Amino acid sequence: MFLYTETDQNLQACIDACNHCHRTCLQMAMNHCLESGGKHVEADHLRLMMNCAEICQTSLNFMLSGSRFSPKVCGACAEICEACAKSCEQLDGMEECVQACRQCAEHCRKMAA
């Protein structure tokens, strides 16, 4: 029987949060934002959502590969996720994205520490 350590549990939680945030940002950007138009598709907002989705995917890949650079990537991921959450909370219907980004940022900050 394999017992997970707290570090293993934190790693898995961060992997799960990055995966969820990646999917949420990508889906919201390509569906809700494009369909809503207006401020939802302004360049800075849409670019930030795509950046967030990409850094979450990258962070996930680094953690899954056991890279020694994971803490640095997770630090950048936390910063970008927080910026994305702030941008999304200014727009209607983006609550799911705000929540996913904040959760991911929290987990990534722990991994970066």
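User: Why is His 107 called buried?

Analyst: This is a predicted model, in which local features need pLDDT of at least 70, side-chain atom pairs count only at pLDDT 80 or more, and totals for chains, interfaces and linings use all residues. Residues are numbered from 1 along each chain as its sequence is written, and side-chain values use heavy atoms, with hydrogens and water left out. A residue is buried under 20% relative accessible area, exposed over 50% and partly exposed in between (1.4 Å probe, protein chains only). His 107 has a relative accessible area of 17%, and therefore counts as buried. The residue lies in helix α4; helices here are DSSP runs of H or I with at least four residues, numbered from the N terminus.

User: What is His 107 in contact with, beyond its neighbours within four places in sequence?

Analyst: Contact means heavy atoms within 4.5 Å. With those neighbours left aside, His 107 is in contact with Ala 13, Cys 14 and Ala 17.

User: What makes Ala 17 buried or exposed?

Analyst: Ala 17 has 5% relative accessibility, so it is classed as buried. Ala 17 belongs to helix α1, residues 6–36. Residues up to four places away in sequence not being counted, it touches Gln 103, Cys 104 and His 107. Ala 17 and Cys 101 are 84 residues apart in sequence, yet their C-alpha atoms are 8.5 Å apart in space.

User: Which class does Gln 9 fall into, and why?

Analyst: Gln 9 is also placed in helix α1. Its relative accessibility is 47%, so Gln 9 counts as partly exposed. From Gln 9 to His 40, 31 residues apart in sequence, the C-alpha to C-alpha distance is 35 Å.

User: How are α3 and α4 oriented to each other, and why?

Analyst: Axes are lines fitted to C-alpha atoms, for helices over the stretch in contact, and angles run from 0 to 180 degrees between N-to-C directions. Angles under 35 degrees count as roughly parallel, over 145 as roughly antiparallel, 65 to 115 as roughly perpendicular and the rest as oblique. α3 and α4 (residues 95–112) pack at about 155 degrees with their axes 8 Å apart. The pair is therefore roughly antiparallel. Among the residues that meet are Glu 82, Cys 84 and Lys 86 in α3 and Cys 101, Arg 102 and Ala 105 in α4. By class, the residues of this contact are 16 nonpolar, one polar and four charged. Here Ala, Val, Leu, Ile, Met, Phe, Trp, Tyr, Cys and Pro count as nonpolar, Asp, Glu, Lys and Arg as charged, and the others, Gly among them, as polar.

User: How are α2 and α3 oriented to each other, and why?

Analyst: The axes of α2 (residues 43–65) and α3 (residues 70–88) come within 9 Å and cross at roughly 150 degrees. α2 and α3 are therefore roughly antiparallel. The α2 side of the contact includes Leu 48, Cys 52 and Phe 62, and the α3 side includes Ile 80, Cys 81 and Cys 84. The contact has 16 nonpolar, six polar and no charged residues.

User: What is the class of Cys 52, and why?

Analyst: Cys 52 has a relative accessible area of 0%, so it is buried. Located in α2, Cys 52 touches Cys 21, Cys 25, Ile 80, Cys 81, Cys 84 and Cys 101, residues up to four places away in sequence not counted.

Key
Helices (H or I, at least four residues) and strands (E, at least two) are DSSP runs, numbered from the N terminus.
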